[in-house]
Amino acid sequence: MTLQTMLLVAAALFSVGLYGAISQQVVVMVMMGLELMLNGVILAAAAFWWFLSPTPDGQVLLLVVITAMTVEMAMGFAVATLLHRSRQSDMTDMATDLAQ
């Protein structure tokens with residue numbers, strides 16, 4: 001695989017995730033779109049690391065980013081589950097008061 005191929009796959013992942021995050025109203029589907037977008041960014045970063053400077057510190061940075069993303073998604077799914085249990089709805093329109 002070349003750098004261009006990896007960046008093309010990363011752009012495709014990001015695009016599909018962006019479409020999923022914008023077009024859906026269910027909280028879990030929006031979060032899945034965000035997950036795809038983050039995976040696209042991580043894939044692009046890994047491709048740049050592998051093809052431009054394959055040193056071990058790039059791996060550590062990617063592991064830190066993946067760990068932070070995992071914690072963020074776990075917290076988001078916990079909020080979505082709590083929202084669904086308390087209101088019996090998982091639509092983003094019903095969660096506007098969480099922003100206040």
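This is a predicted model: local features need pLDDT of at least 70, side-chain atom pairs count only at pLDDT 80 or more; totals for chains, interfaces and linings use all residues.

Student: Is Phe14 buried, partly exposed or exposed?

Tutor: The relative accessible area decides the class, with buried meaning under 20% and exposed over 50%. Phe14 counts as partly exposed because its relative accessibility is 33%.

Student: Which residues form a nonpolar patch on the surface?

Tutor: The patch consists of Phe14, Leu18, Ile22 and Val41, and together they have about 360 Å² of accessible area. Helix H1, which covers residues 3–23, contributes the largest share, namely three residues.

Student: How many helices and strands are there in the protein?

Tutor: The protein has three helices and zero strands. Read from the N terminus, the order of elements is α-α-α.

Student: Where is Met31 placed, and what does Met31 touch?

Tutor: Met31 lies in helix H2. Since its relative accessible area is 9%, Met31 is buried. Leaving aside residues up to four places away in sequence, Met31 touches Met73, Gly76 and Phe77. As for Thr67, which stands 36 residues from Met31 along the chain, the C-alpha atoms of the two are separated by 16 Å.

Student: What share of the contacts joins residues 24 or more positions apart?

Tutor: Among contacts with a separation of 6 or more, residues 24 or more positions apart account for 61%.

Student: What is the radius of gyration of the protein, and what would a compact globule have?

Tutor: The protein has a radius of gyration of 16 Å, whereas a compact globule of 100 residues would have one near 13 Å. Along the principal axes, the C-alpha atoms fill a box of roughly 50 × 25 × 20 Å.

Student: What can be said of the protein's buried residues and its accessible surface?

Tutor: Of its 100 residues, 25% count as buried. The accessible surface amounts to about 6800 Å², and carbon and sulfur atoms hold 73% of that area.

Note on methods:
Residues are numbered from 1 along each chain as its sequence is written. Side-chain values use heavy atoms; hydrogens and water are left out. Patches are made of residues with over 30% relative accessible area and no salt bridge: like charges are joined within 9 Å, nonpolar side chains (Val, Leu, Ile, Met, Phe, Trp, Tyr) within 5 Å. Accessible areas come from the Shrake-Rupley method with a 1.4 Å probe; for residues, only the protein chains shown count as cover. A salt bridge is a side-chain nitrogen of Lys or Arg within 4 Å of a carboxyl oxygen of Asp or Glu. Helices (H or I, at least four residues) and strands (E, at least two) are DSSP runs, numbered from the N terminus. Buried means under 20% relative accessible area, exposed over 50%, partly exposed in between (1.4 Å probe, protein chains only). The radius of gyration is taken over C-alpha atoms; the globule rule is 2.2 Å times the number of residues to the power 0.38. Contact means heavy atoms within 4.5 Å.
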